[in-house]
Structures are given as structure tokens and as C-alpha cells.
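This report looks at the fold, the aromatic contacts and the surface. Start with the structure itself.

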Amino acid sequence: MEKEHFVNFFHNVLYDYQKYNFNVKETLNHKNSFEENEILLKDIKHCEKCKYVVVCNSGCRAKAKYLTGSVYNPDPVFCVLLPLLYEKIVPIFPNDSRDSFISFLNQDGESPFYNSEDLSNLIKQKIGKSL
């Protein structure tokens, strides 16, 4: 398995054409830089060792930051959803699709970092802070 995958990133504006009056040359000289554009999979705690790493690619950096406070943590939602997908949905796939999905799993990998109780607690913390 290749070790230097880039992880998913926020969908921020890389080039703000409106800010530079739609002048392409001027806009291209002012590319916005984002920390999440530089994060490698090895930078995300636990993900590189996870059973589902190739399928989820550490999940969403925006959800990770919102729920855990850091873009360097796994996405708790994907940690919970991927095992459920594997257990409940993949078995009803056609054989070739099921085999393809299973071929992407790191069979000797570890369980996801977060479980459903962790996700529930993280959401409760966020709801409590917003009330």
C-alpha cells in the first residue's frame, strides 16, 4: 500500500477571481493557501493503520476539525459509517462490486479510531456549546 496519499480537504476558494476584478493574471498571482492542502495521510492520527483507510482516506477534514478540534484527527463520522457500510450494505452488493470493495480493505488493519459512543459524545459536546 502506498504511504504518501493526500487526504481530503475543505472545499475553500483557491482563487478569488471576484476580489481581483476577474483579472486572470492578477488572480493567479494570489492563490489562497490552506493547511489542509498539505496534509498527508501519515499526518492523520491512526488512519494509516486502519482497516478502511483506502476506502475512506481519513474522511472529511472539515468534519474532523469541527467535531474533534483538529484537522489531524480522523473523521469520526466516517470511523462509524465505514464499518456499518461493510457490515450492512456491502453484503447486498452484486458479487463483483462486493469483491471489489473488499479488495480495498486492509484486512490486517486496526478498527477505526472512533466508535459510535465517541461520535455521540462529540456531537453532544458540540450541541452543548451551541445552546
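## Fold

Read along the sequence, the chain runs α-α-α-α-α-α. That is six helices and zero strands. The model is predicted.

Of the 131 residues, 31% count as buried. Take the contacts between residues at least 6 apart in sequence: 61% of them join residues at least 24 apart. The accessible surface comes to about 8600 Å². Carbon and sulfur atoms account for 54% of that area.

## Aromatic pairs

A search of the whole structure turns up four aromatic pairs. One of them is Tyr86 with Phe101, whose ring centres lie 6.3 Å apart. Their planes meet at 20°, so the pair is stacked; the cut-off for stacking is under 30 degrees. This pair links distant parts of the chain. Tyr86 belongs to helix 4 (residues 76-89), while Phe101 belongs to helix 5 (residues 95-103). The two residues are 15 apart.

Are these two partners buried or exposed? Tyr86 is partly exposed, at 24% relative accessible area. Phe101 has 11% relative accessibility and counts as buried, because the limit for buried is under 20%.

Phe113 and Tyr114 make another pair, with ring centres 4.8 Å apart. Their planes stand at 85°, so this pair is edge-to-face; that label needs an angle over 60 degrees. Phe113 is partly exposed, with a relative accessible area of 35%. Tyr114 is buried, with a relative accessible area of 11%.

## Cluster and charge over a ring

Which residues form one aromatic cluster? They are Tyr52, Tyr86, Phe93 and Phe101. The stacked pair of Tyr86 and Phe101 thus belongs to this cluster.

The charged end of Lys126 sits over the Tyr66 ring, 5.0 Å from the ring centre.

## Nonpolar surface patch

Which residues make the nonpolar surface patch? Tyr17, Phe22, Val24 and Leu28 do, and the patch covers about 390 Å².

Val24 lies in helix 1 (residues 24-28). Its relative accessible area is 46%, so Val24 is partly exposed. A patch residue needs over 30% relative accessible area, and Val24 has 46%.

How values were computed. Residues are numbered from 1 along each chain as its sequence is written. This is a predicted model: local features need pLDDT of at least 70, side-chain atom pairs count only at pLDDT 80 or more; totals for chains, interfaces and linings use all residues. Side-chain values use heavy atoms; hydrogens and water are left out. Rings of Phe, Tyr and Trp (its six-membered ring) pair if their centres lie within 6.5 Å; planes under 30 degrees apart count as stacked, over 60 as edge-to-face and the rest as tilted. Helices (H or I, at least four residues) and strands (E, at least two) are DSSP runs, numbered from the N terminus. Buried means under 20% relative accessible area, exposed over 50%, partly exposed in between (1.4 Å probe, protein chains only). A charge sits over a ring if NZ of Lys or CZ of Arg is within 6 Å of the ring centre and within 35 degrees of the ring normal. Patches are made of residues with over 30% relative accessible area and no salt bridge: like charges are joined within 9 Å, nonpolar side chains (Val, Leu, Ile, Met, Phe, Trp, Tyr) within 5 Å. Accessible areas come from the Shrake-Rupley method with a 1.4 Å probe; for residues, only the protein chains shown count as cover. A salt bridge is a side-chain nitrogen of Lys or Arg within 4 Å of a carboxyl oxygen of Asp or Glu. Contact means heavy atoms within 4.5 Å.
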